[in-house]
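I opened this entry to get my bearings in a model that is new to me.

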Amino acid sequence: HVTHVAGTAAGTRFGVAKRATVHAVKVNTGCTGQVPVQNAIGAMNWIAGQLIGGQVPNAVVNMSLRWVVAFTPPADVLALETAIN
C-alpha cells in the first residue's frame, strides 16, 4: 500500500508531483500490520521537527495506519488525536 501511494504521489513518470522527494518514516516494528501508538506519534514528532527546523520547506504527510479502535485504550486514541492536531 505504501509503495502504491508513494508512486501515485511522486512517481517520476505518472506521479502527481513528479519532482517531489519522498522520505520514508518507518513506524511498524513487526509483521502484524499494527503500529504502536508511540511509534506513530514519534513519527509525527520527527516530521514536525523537520518542518519546524527548516529541513523540509513544504510537505504533505500520508500515514496509512491500521488502527483497531475497538481494542485501543482511550488514552492512546486521545494521544494520537492530540499529536495529529
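Here is what I looked up, in order.

**Ground rules.** I am reading a predicted model, where local features need pLDDT of at least 70, side-chain atom pairs count only at pLDDT 80 or more, and totals for chains, interfaces and linings use all residues. Residues are numbered from 1 along each chain as its sequence is written, and side-chain values use heavy atoms, with hydrogens and water left out.

**Whole protein.** I found three helices and zero strands (DSSP runs: helices are H or I, at least four residues; strands are E, at least two; numbered from the N terminus). Of the 85 residues, 18% count as buried (under 20% relative accessible area, 1.4 Å probe, protein chains only).

**Helix H2.** I turned to residues 37–52. H2 has 16 residues and reaches 22 Å from first C-alpha to last, close to the 22 Å expected at 1.5 Å a residue (1.5 Å times one less than the number of residues). Which residues of H2 are buried? I noted Val37, Ala40, Ile41, Ala43, Met44 and Ile47. They lie on the same side of H2, because they cover an arc of only 155 degrees around the axis (taken from directions from the helix axis to the C-beta atoms). After H2 I came to glycine 54, whose phi is positive, near 80 degrees.

**Its neighbour.** Helix H3 (74–84) is included in what covers those buried residues. The axes of H2 and H3 come within 10 Å and cross at roughly 10 degrees (lines fitted to C-alpha atoms over the stretch in contact; angles run from 0 to 180 degrees between N-to-C directions). That makes H2 roughly parallel to H3 (under 35 degrees). In contact (heavy atoms within 4.5 Å), Val37, Gln38, Ala40, Ile41 and Met44 of H2 meet Asp76, Ala79, Leu80, Ala83 and Ile84 of H3.

Conventions. Buried means under 20% relative accessible area, exposed over 50%, partly exposed in between (1.4 Å probe, protein chains only). Angles under 35 degrees count as roughly parallel, over 145 as roughly antiparallel, 65 to 115 as roughly perpendicular and the rest as oblique.
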